Amino acid sequence: MRTKLAIAALAAGLAVAPAWAHHAFQAEFDEKKPLDLKGKVTSMEWINPHSWIHIDVTNPDGTVTNWMVECGSPNIMLRRGFTKRSLETGTELEIKGYQAKNGSFRANGSSVTFKDGKKLFVGGSNPDIPEDQR
Amino acid sequence: MKLLLFAVAITSALAQNRYTPPKTPWGDPDLQGTWPGNMGVPMQRRPDLGTRTELNDQEFAQQQEQARRNAAADAESTAASDTRVGIGPPSYWTERGKPTRQSSLIVDPPNGRLPGLTAREEQLRKQARDGRGFPGEWRGEANAPDDLNIYYRCITRGLLGSMIPVVYNNGNQIIQAPGYVAIRNEMIHETRVIPLDGRPHVGNAIRSYMGDSRGHWEGNTLVIETTNLTDKDAIGSNGAGYPGDPGHHSAELKVIERLTRVDAETMNYEATVVDPATWVKPWTMLIVLKKDPHYQLLEYACHEGNYALGDILSGARADEAAAKK
């Protein structure tokens, strides 16, 4: 039920906001390259127009690849209470998303969660969030 | 309760204005403060609503229900087992906006829709980019950066685009000084410094995306006339065109903005678009802005970190290489 609700909400959100700032997402990421990345945070680029999390992912052969995962605008993340102290280096994350079309180790993070399944980012903005928590 | 208050505010905003705003120490009406835009009102009205400027109770209730469902989904702290519902951006990227009864930003023509294009403009749009049209929304092409609109490229949303609420970062700030008004737009970090002393516009050869603005007071309304624009940007709900429309206009575009505080918390921002080379008659938008002293404009220096553009162009090359195999 929760999933259905989330999908309905997402679909509705897209319907009223067909245009994305710097994103034709379909142009940047490849829906034929789904990913499930588990790794440790090495850094976060807190930059406009979109921030990027870097994580080290250990491959089946034991080698390590540093992936970059595209996140929201830092301005709106800050307004939701996410600060540069919110994500410590070494934090373990699971990211479900899609790889960049150009084959680089970049991905969009459809879902970014901690090990226990809790979402790293909660949003979009809730109109009823008290002013001092926005 | 909050939603109800907001609805009442909209209604009063559209009614005749009797509010007298405070004055600055030098005697001008005081419009200063942060006035973030509210997403969710479409640029053009649904055709079946005709000349109705406000949603009825049932339509508004649907909006409120949608907002409630969004808020419930947003509040979920645990992700579903797989939320990959496609490669669109995750919901946490965006603002939601508050439901309002306003049925469209365009309030004139009375049907809330753009007037027709001139024959010249129709021809231009057909011929642009060797027949591919102006780049509004992405159309699956990325042969060169200018196949992507100037908002994707982090250049600007131009005037009037910079005032139109979009996915996030809709902060606007007004600062006044004797003889000047400055308007800041968070998305994409624009500032217009507008003289009020009646000086003429700059020479005709000088052109810019945000144009050359001159202001004056008509009673408690700030009226701004902007000329010296270019034909290289677009007006639209994402600053780069309407959904399905590139929003292209001519360099002769003139924008007349009227800013009127209608109560202590509300300002009507009206903009009339005059461009006889593009549209057969002028048209007017109304954006209702709510004062929010808690809203802080943050830097949105967009270009430097815009990795997406490189990814899009190199992604298109990768697609081409794959197609050749």
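How many bridges join strand β1 to strand β2 in chain A, and do the two run parallel or antiparallel?

Tutor: Ground rules first: this is a predicted model, where local features need pLDDT of at least 70, side-chain atom pairs count only at pLDDT 80 or more, and totals for chains, interfaces and linings use all residues. Residues are numbered from 1 along each chain as its sequence is written, with chains lettered from A and ligands numbered from 1 in the order in which they are written.

Now your strands: β1 (residues 29-45) and β2 (residues 52-58) of chain A run antiparallel, joined by five bridges. Strands here are DSSP runs of E, at least two residues, and helices are H or I runs of at least four, numbered from the N terminus; two strands pair if DSSP finds at least two bridges between them. Look at A:Glu45, which stands opposite A:Trp52 of β2. Both strands belong to a closed barrel of five, ordered β1-β2-β3-β5-β4, with mixed pairing. On average, neighbouring strands there are turned by 55 degrees against each other, direction ignored (axes are lines fitted to C-alpha atoms, for helices over the stretch in contact; angles run from 0 to 180 degrees between N-to-C directions).

Most residues other than glycine have a negative phi, and most peptide bonds are trans. Yet B:Asp108 and B:Pro109 are joined by a cis bond, omega about 10 degrees, and B:Pro109 sits in the loop between β2 (106-108) and α3 (119-131). Within helix α3 you'll find B:Asp130, a non-glycine with a positive phi of about 55 degrees.
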